[in-house]
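Here is a short briefing for a first look at this structure. Keep the sequence and the 3D view open as you read.

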Amino acid sequence: MSELRTRRPNIVVIQADQLAAAALGAYGNTVVKSPHIDALGAEGVVFDRAYCNSPLCAPSRASMMTGQLPSQIGAYDNGADFGSSVPTFAHHLRAAGYHTALVGRMHFIGPDQLHGFEERLTTDVYPAGLDMVPDWELPEEDRLPWYHDAGSVFTAGVSAATVQRDFDDEVLFRSLRHLNDRARSLDDQPFLLVSSFIHPHDPYEPTLEHWRRYDDVEIDDPRVATLPLEEQDPHSRRLLEMSGFDQKEPDAEQVRRARRAYYACVSYVDDHVGAIVRRLDELGLRENTVVVLTSDHGDMLGERGLWYKMSPYEQSARVPLVVSAPGRLESRRVDTPVSLLDLLPTLTDLAGVGEVGTPGRSLVPIAAGDEHEPEDVVIEYLAEGVTTPHLTIVRGRHKLVRCPGDPDQLFDVTADPDELVNLVDDPAHAELVQSLREALASRYDVGSLSHDVLASQGRRRVVHEALSAGAPTAWDHQPPHRPDYVRGDFWTALERGRVPARDLG
């Protein structure tokens, strides 16, 4: 075994927000310009069918960090606190001797804003409080003020500056600075760096530079045209009504403009990915660093008239998952369904931690080309836009969607990638439908889960109302001051801060 394979690798996880797998060149998109992510895919392992376990920011991220489903840890929605006593992959790697740092977005809700990270070098772009608690007892026509809004599609276009860009520029700066610090370290301690960006999350407001990269590009239309409201499945209809698309529908040119703006935002993130990988090369860290690229969920981008996430359809629920490990894993593509639950055991496996007892499995053997038994993937949606648990199970090429009160849906995503043909009543699939229904029933007591979600919502509304009265309580992380520059002995400080340049040819 080579020396490289016996050394514990550094691990860099780069996460985007709302980045659909289908919006990357590495996943077959011929319009978007994503050369740096595509290069990672060309040299690494690309998981073609990776799914988030909840198509919503906070529950997806809490699930990914812990390797457990949102329902298992009570992280039901974007206003659900994430318990400090639930181990994350940062806890496991830190206990194993890794230095662990988070830079950027993670949408942790609650007073613990570290969840195992030794350092967090920026605040988050969204608040950490109980601001976005859904209410399943609210009439569907009543909209809460923080719901997604159709306006992001109608106003998509260039902005000179935005809050989200200010944030992501700082995330990149702090990520590169942290890599410098790890290179300066006088020990051989391996490190975990999670660098997490808010783009290309709506509103779609790219820079002029990134917008102009698409000046001579024909922007593709959605593969599936907008369906009349009465032809939408009930959950999609709720999402459209919740965001206001039932009142105002973008025309073809507005859809293309919004998709162009989204692609431009993807290119902006891609530039940041390239800068991080380039810095690893410059510092001599790349050969012993595993780089993982992923997202918390996708974006429907106008498919079927839907936008944003919250849907079980592929564009919303499927995420990029690329693992680049030079000298450890050869380039290949994997078409087995996997999920973000698998990230924790994969990282602990790479770090030599061993079994940690979470529901997912390490993807290292699969990435290395070993034979493997496919496993079911489960997707939960327990937030706004439903009043009972919305559950999806993926087995091989098939996907079953169930929500009490809605008709079941079964899709063959290989033969029908646009999910237009519901096979649930097809006699040829009756045995499969029964098996998938039984698999969900064995995992969930839907009545008990509904009760738990409703009870949690009620408790959180009481707490939020109380904490909003008088002097408000803010849980937002504020990074501590660091003595980064010359302090104490002048020449010693300068020498300590210098990292010799490498000749990269």
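This is a predicted model: local features need pLDDT of at least 70, side-chain atom pairs count only at pLDDT 80 or more; totals for chains, interfaces and linings use all residues.

Residues are numbered from 1 along each chain as its sequence is written, and side-chain values use heavy atoms, with hydrogens and water left out.

- The largest pocket holds about 610 Å³ of space. Its lining has 26 residues, and the closest to its centre are Ala22, Arg223, Gln315, Arg318 and Pro417.
- A pocket here is an open set of points on a 1 Å grid over the protein atoms alone, with protein on both sides within 12 Å along at least five of seven lines; lining residues have an atom within 4 Å of a point. Grid points are joined across faces, edges and corners, and a volume is the space filled by probe spheres set on the points.
- Helix H10 (252–282) and helix H11 (314–317) each give at least two residues to the lining of the largest pocket. Helices (H or I, at least four residues) and strands (E, at least two) are DSSP runs, numbered from the N terminus.
- By class, the lining of the largest pocket has nine nonpolar, five polar and twelve charged residues. Nonpolar means Ala, Val, Leu, Ile, Met, Phe, Trp, Tyr, Cys and Pro; charged means Asp, Glu, Lys and Arg; the others, Gly among them, are polar.
- The second largest pocket holds about 460 Å³. It is lined by 15 residues, and Asp181, Arg184, Asp484, Arg496 and Gly497 are the closest to its centre.
- Helix H7 (163–184) and helix H16 (490–497) each supply at least two residues of the second largest pocket's lining. That lining splits into six nonpolar, three polar and six charged residues.

**Cavities**

- There are four cavities of 30 Å³ or more. A cavity is a set of grid points where a 1.4 Å probe fits but cannot get out.
- The largest cavity has a volume of about 50 Å³. Among its lining residues are Leu239, Phe245, Trp307 and Lys309.
- Seven nonpolar, one polar and one charged residues line the largest cavity.

**Cysteines**

- The whole structure has zero disulfides (pairs of cysteine sulfur atoms within 2.5 Å).
- The sulfur of Cys57 is 9.9 Å from its closest cysteine sulfur, in Cys52, which is too far for a bond.
- For Cys265, the closest cysteine sulfur is in Cys57, 15 Å away, again too far for a bond.
- Cys57 is buried at 1% relative accessible area, and Cys265 is also buried at 1%. Buried means under 20% relative accessible area, exposed over 50%, partly exposed in between (1.4 Å probe, protein chains only).

**Helix H14**

- The buried residues of H14 are Leu432, Val433, Leu436, Ala439 and Leu440. They lie on the same side of H14, because they cover an arc of only 125° around the axis. The arc is that of the directions from the helix axis to the C-beta atoms.
- The face of H14 turned away from the buried side carries exposed Glu431, Ala441 and Ser442.

**Backbone features**

- His199 and Pro200 are joined by a cis peptide bond, with omega about 5°. Pro200 lies in strand E6 (residues 191–200).
- The Asp202 to Pro203 peptide bond is cis, with omega near 5°.
- His107 is not a glycine, yet has a positive phi of about 55°. His107 is buried at 3% relative accessible area.
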